[in-house]
Amino acid sequence: MAQQAAKEAMPLMTPYNMGQFLLSHRVVLAPMTRCRSYCNVPQPHAAVFYSQRATRGGLLITEATGVSGTVQGYPEAPGIWTQEQVEAWKPVVDAVHRKGTLFFCQMWHVGRVSTNGIQPADFQPNGQAPVSSTDKQISPDAEPGMVYSKPRRLRKDEIPGIVDDFRRAARNAIEAGFDGVEIHGANGYLLEQFMKDSANDRDDEYDGSLENRCRFTVEVVDAVVREVGAHRVGIRLSPFLDYMDCVDSDPVALADYMVRQLNRDDGFLYCHMVEPRMAVVDGRRQIPHRLLPFRKTFNGTFIAAGGYDHDEGCNNVVAEGYTDLVAYARLSTFYTHDPIIGYTDYPFLDEDKNDSTADA
């Protein structure tokens with residue numbers, strides 16, 4: 001009786017059927033770039049990191065993982081385009097599965113959020129320009145202290161090759177043992193550079209109307225679904241986000257169009273969407289809660305992320321039907337590559353009962 005009462009008081013901890021997967025609670029580990037995969041190969045300490053965050057019946061999403069050798073924009077980020085990387089992911093996945101946890105691999109391409117010929121952050125092979133929907137460079141004000149290189153606008157005939165990179169990466173992820181994949185279509189990276197009108201100035205069938213701007217992302221979704229099945233595929237979207245000079249003049253229309261496109265694939269597993277940025281009112285973070293129309297439109301599981309704390313995530317959004325699952329992450333040391341400090345040395349809940357906040 002006491003357990004049942006506790007569950008009723010905390011909807012976030014109730015079970016949920018996500019397609020063919022049974023989750024014992026609704027807390028999702030959001031993807032977090034941690035820059036500790038040396039030479040883009042996952043390391044043994046990643047198994048410690050992820051298994052520390054694994055719970056029976058939970059869902060973890062990996063840090064953003066590159067689909068080819070030209071996708072990088074952050075130091076020591078993992079990849080899944082080589083067999084060496086696939087083999088390195090296997091013990092990490094096994095460690096998570098031993099905890100009874102589902103594990104999805106987030107696949108990305110950073111596009112123009114990269115540098116070439118700028119030491120020590122030269123991420124592009126042979127000094128080539130990063131690729132994008134545009135040749136417009138990210139402004140120096142977009143991220144203090146960072147200067148991104150001028151990109152090269154992808155030719156139309158090159159786009160199918162990148163679509164195929166995502167397809168192969170999805171197949172590699174399943175070979176590595178992951179339960180599914182999440183396509184990274186958010187945060188100002190390549191797919192979003194095509195989708196949002198501030199960053200897309202093309203003059204072909206990949207620019208102009210919503211259908212054209214979303215065409216590339218839809219092609220990636222379709223290719224990945226054909227390769228591994230809709231029941232194993234999710235996507236992350238951030239229509240309201242203004243990041244890396246990537247903003248849309250009508251984010252509501254963009255989000256609505258994309259979720260309707262996802263519905264075309266029968267059984268598409270989940271849509272993971274980032275909330276509009278929080279405001280602080282009377283000393284408390286306030287979330288505008290503008291995702292509800294998309295949650296109602298989408299046929300699959302809806303995951304919301306974006307600054308949820310305990311009360312907002314537990315007592316409001318799940319109980320009120322605003323979202324099915326809530327993605328949380330934790331602030332941690334980012335621009336360092338130590339395999340322990342700031343990575344796996346955080347206290348567990350029973351070691352730090354006074355720490356009850358979380359950020360996504």
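Biologist: Which helix holds Gln85, and is Gln85 buried or exposed?
Modeller: Keep in mind that this is a predicted model. Gln85 sits in helix 3. Its relative accessibility is 2%, and buried means under 20%, so Gln85 counts as buried.

Biologist: Which backbone nitrogen lies 2.7 Å from a polar atom of the Gln85 side chain?
Modeller: Leaving aside neighbours within four places in sequence, Gln85 is in contact with Asn40, Val41, Pro42, Gly79 and Ile80. The polar contact of its side chain is with another residue. A polar atom there lies 2.7 Å from the backbone nitrogen of Trp81.

Biologist: Helix 3 also meets helix 2, so to speak; how are the two oriented, roughly parallel or roughly antiparallel?
Modeller: The axes of helix 2 (residues 44-52) and helix 3 (residues 83-97) come within 8 Å and cross at roughly 25 degrees. Angles under 35 degrees count as roughly parallel. That's why helix 2 is, relative to helix 3, roughly parallel.

Biologist: And how many residues of that contact are nonpolar, polar and charged?
Modeller: From helix 2 you have Ala46, Ala47, Tyr50 and Ser51, and they meet Trp89, Pro91, Val92, Ala95 and Val96 of helix 3. Sorted by class, the contact has no charged residues, one polar and eight nonpolar.

Biologist: What about helix 4 and helix 7: how many charged residues are in their contact?
Modeller: Helix 4 (residues 159-176) and helix 7 (residues 215-228) have axes that come within 9 Å and cross at roughly 35 degrees, in a right-handed crossing. The residues that meet include Arg167 and Arg171 in helix 4, and Glu219 and Glu227 in helix 7. Alongside eleven nonpolar and no polar residues, the charged count is four.

Biologist: Now Gln193: is it buried or exposed?
Modeller: Gln193 lies in helix 5 (residues 190-195). Not counting residues up to four places away in sequence, Gln193 touches Val110, Gly111, Val131 and Cys246, among others. With 0% relative accessibility, Gln193 counts as buried.

Biologist: How far apart in space are Gln193 and Arg112, C-alpha to C-alpha?
Modeller: Arg112 is among the residues that Gln193 touches. In sequence the two are 81 residues apart. In space, C-alpha to C-alpha, the distance is 8.4 Å.

Biologist: Last one: which residue's backbone oxygen does the Gln193 side chain reach?
Modeller: Gln193 touches several residues, including Ser132, Asn200 and Gly188. The backbone oxygen its side chain reaches, at 2.9 Å, belongs to Gly188.

Key: Residues are numbered from 1 along each chain as its sequence is written. This is a predicted model: local features need pLDDT of at least 70, side-chain atom pairs count only at pLDDT 80 or more; totals for chains, interfaces and linings use all residues. Side-chain values use heavy atoms; hydrogens and water are left out. Axes are lines fitted to C-alpha atoms, for helices over the stretch in contact, and angles run from 0 to 180 degrees between N-to-C directions. Helices (H or I, at least four residues) and strands (E, at least two) are DSSP runs, numbered from the N terminus. Angles under 35 degrees count as roughly parallel, over 145 as roughly antiparallel, 65 to 115 as roughly perpendicular and the rest as oblique. Contact means heavy atoms within 4.5 Å. Ala, Val, Leu, Ile, Met, Phe, Trp, Tyr, Cys and Pro count as nonpolar, Asp, Glu, Lys and Arg as charged, and the others, Gly among them, as polar. Buried means under 20% relative accessible area, exposed over 50%, partly exposed in between (1.4 Å probe, protein chains only). A polar contact is a pair of N or O atoms within 3.5 Å; within protein, one must be able to donate a hydrogen and the other to accept it, and residues adjacent in sequence count only if both atoms are side-chain atoms. A crossing is left-handed if the near helix is turned anticlockwise from the far one by less than a right angle, and right-handed if clockwise.
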